[in-house]
Amino acid sequence: MQWATLLQGAVIGGVTWFLWKFFRHLLFKSPLDNIPGPRSDGFLYGNLMQLLDRHAAPMYDHLTDTYRGIFRLSAPLGHRTLYVYDPVALHAILLKDQHIYEEAGWLVKANHVQFGPGLFATLGERHKKQRKLLNPCFSIAHMRRMIPIFTDIGHKLQTGIEDRVRGREGTVEVDVLSWMTRTALELIGQAGLGYSFDPLVADSADEFAAAIKMLQPAIFDIHLLHRLLPHLPEWGSPWLRRKVVELFPHKGVQRVREIVDTLHQRSIGIYEERKRALLLGEEARSHKLGEGKDLMSILLRANMEASEEDKLPEEELVGQVSSFIFAAMDTTSNALAMTLHLLAQHPDVQDKLRQEVLEASNGEDLDYDTLVGLPYLDAVCRETLRMHTPVGLVVRESRQDVMLPLSESIIGVDGTKMHEIFVPKDTTLFIGILSCNRNKAIWGEDALKWKPERWLSPLPESVTKAKIPGIYSHLMTFIGGGRSCIGFKFSQLEMKVILYLLLVKFTFTLSEKPIMWNVSGVRYPTVGEDTKPSLPLRVSLYRPVSPSA
């Protein structure tokens, strides 16, 4: 009887806690109710399904044009959230008050389940400790040493594509996204981990690459469950938690589990291999792939030499492997694919860029200084990363009540003019990366036009005076602050090496198939309504026109 009473009390207490945590907002009016925003699509989902629809890109542009830097969104079950792209507000969120606006708790837990306790899955001092050890790995000095590795992989890519187009009449249809995915995986594999995933000669992509490519679309398909499942680690033993996920009757959940399992198993294998290589000594390492200059080897050596208080435990080092692979592969491959798609749409830009790299290379491989000094290549990359950033938004949560300043006032629903907004504790904020990069108030009326030439002359005052808090070229693409993209220089270098090596060898034109770029955690292309990521373009060998022709 006593046990029954205790159990009844526990159930009542649990239900009460659940109802209070997830529904107390319905009992009180929120100051966010006075912030203008689009009409909710219903109590159950709010605006969420509109935002997560893979065809939602026009909606984001419409909202960016309609509101002035910030607006309210309705989240599931009546919760209120904010969508922010005002530069002063972004500065407060990402820099000035970044200790208040932390990564969303549910997302940190989800990242821990998917990647282990790496950079994506840690907060506060633990995150700073990891970043402190990782920062030197991405220095300019180390980036210079990456050029030979990048160039060697780029030549293998040239050979792989050339084998498929040589001797063929006219142009050949090639799935550019598949090749860019394989290349990006091999780049982070060799330069980041001292490991080769794909020699770039087989007709099909590595299964591991295909699995990683499907992770973000798979997660988007189970977004609501994705927000709930990370709470499982708080319940029961690891064996029980694993069993619950395995038995969960949902095809999407099982697909994500398979991808995460593949990523984790391969990450452990790579880590163990790098650790063994490190113990072999300098001479033996010089004969290994990457010659011990890869980022993981640098990190392991730094960790060995660090003081006890700065050392990272083994599970966090393994977590970096998963994080490196995911972050570097999907974003870079999609950015490269987008750039090639844009060059196919704008043959005049493609011709001009090819001429620049041909003159600079003169038949030889480009060194670091020459490569980063090419103005039009730099302009094409910057404009692509402005207009078509792979990651359109990131999420933050307020850890306490706070006032959020604005660069210009907004008019509330009740007609009140507001220069700052009261943000209650536990408010979710979407950081509108793409909206800030395309904001006409900052970038001008041609903000929605892909125009590399804008970077060849001084940027307008509206851009320079906005003081956008991004770490890269007045853009929010790699965000800013303590959680900015640590590998943005690595990514830029990859893009430039691969683009110049492709353009000196091939021409790219559009195929007859309709291409759609889909909204997701990382934007991806498909052929029409198909769900499989793909970007077919017509490719042919570049044949210079003879001066006498």
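Modeller: Helices are DSSP runs of H or I with at least four residues, strands are DSSP runs of E with at least two, and both are numbered from the N terminus. This is a predicted model, in which local features need pLDDT of at least 70 and side-chain atom pairs count only at pLDDT 80 or more, whereas totals for chains, interfaces and linings use all residues. Residues are numbered from 1 along each chain as its sequence is written, and side-chain values use heavy atoms, with hydrogens and water left out.

Biologist: How many helices and strands are in the chain?

Modeller: The DSSP runs described above are the basis of the count. On that basis the chain holds 23 helices and twelve strands.

Biologist: What percentage of the 549 residues is buried?

Modeller: A residue is buried under 20% relative accessible area, exposed over 50% and partly exposed in between, with a 1.4 Å probe and protein chains only. Among the 549 residues of the chain, the buried share is 52%.

Biologist: Where does Lys467 lie, and is Lys467 buried or exposed?

Modeller: Lys467 lies in the loop between H22 and H23. Although not a glycine, Lys467 has a positive phi of about 55°. Because its relative accessibility is 65%, Lys467 counts as exposed.

Biologist: Which residues does Gly480 contact, leaving aside its neighbours within four places in sequence?

Modeller: Gly480 is found in the loop between helix H22 (461–464) and H23, and at 2% relative accessibility it counts as buried. Contact means heavy atoms within 4.5 Å. With those neighbours left aside, Gly480 is in contact with Leu94, Leu95, Pro469, Gly470 and Ile471.

Biologist: What is the phi of Asp426?

Modeller: Asp426 has its place in the loop between strand S7 (417–423) and strand S8 (428–432). At 45% relative accessibility, Asp426 counts as partly exposed. Asp426 is not a glycine, yet its phi is positive, at about 70°.

Biologist: What distance separates the C-alpha atoms of Leu73 and Leu429?

Modeller: Leu73 lies in strand S1 (residues 70–74) and is buried, with a relative accessible area of 1%. Beyond its neighbours within four places in sequence, the contacts of Leu73 include Pro38, Tyr83 and Phe430. Leu73 and Leu429 are 356 residues apart along the chain, and their C-alpha atoms are separated by 9.5 Å.

Biologist: How are two packed helices described?

Modeller: Axes are lines fitted to C-alpha atoms, for helices over the stretch in contact, and angles run from 0 to 180 degrees between N-to-C directions. The description of two packed helices rests on the angle between their axes and the distance between the axes.

Biologist: Which orientation term applies to H15 and H16?

Modeller: Angles under 35 degrees count as roughly parallel, over 145 as roughly antiparallel, 65 to 115 as roughly perpendicular and the rest as oblique. The axes of helix H15 (residues 295–305) and H16 come within 11 Å and cross at roughly 160°. The two helices, H15 and H16, are therefore roughly antiparallel.

Biologist: What is the handedness of the crossing of H8 and H16?

Modeller: The axes of helix H8 (residues 176–193) and helix H16 (residues 314–345) come within 8 Å and cross at roughly 140°. That angle makes H8 oblique to H16. A crossing is left-handed if the near helix is turned anticlockwise from the far one by less than a right angle, and right-handed if clockwise. The crossing of H8 and H16 is right-handed.

Biologist: How many nonpolar, polar and charged residues has the contact of H16 with H23?

Modeller: The axes of H16 and helix H23 (residues 488–503) come within 10 Å and cross at roughly 40°. Ala, Val, Leu, Ile, Met, Phe, Trp, Tyr, Cys and Pro count as nonpolar, Asp, Glu, Lys and Arg as charged, and the others, Gly among them, as polar. Thr332, Ala335, Leu336, Thr339, Leu340 and Leu343 in H16 meet Ser491, Glu494, Met495, Ile498, Leu499, Leu502 and Leu503 in H23. By class, the residues in this contact are nine nonpolar, three polar and one charged.
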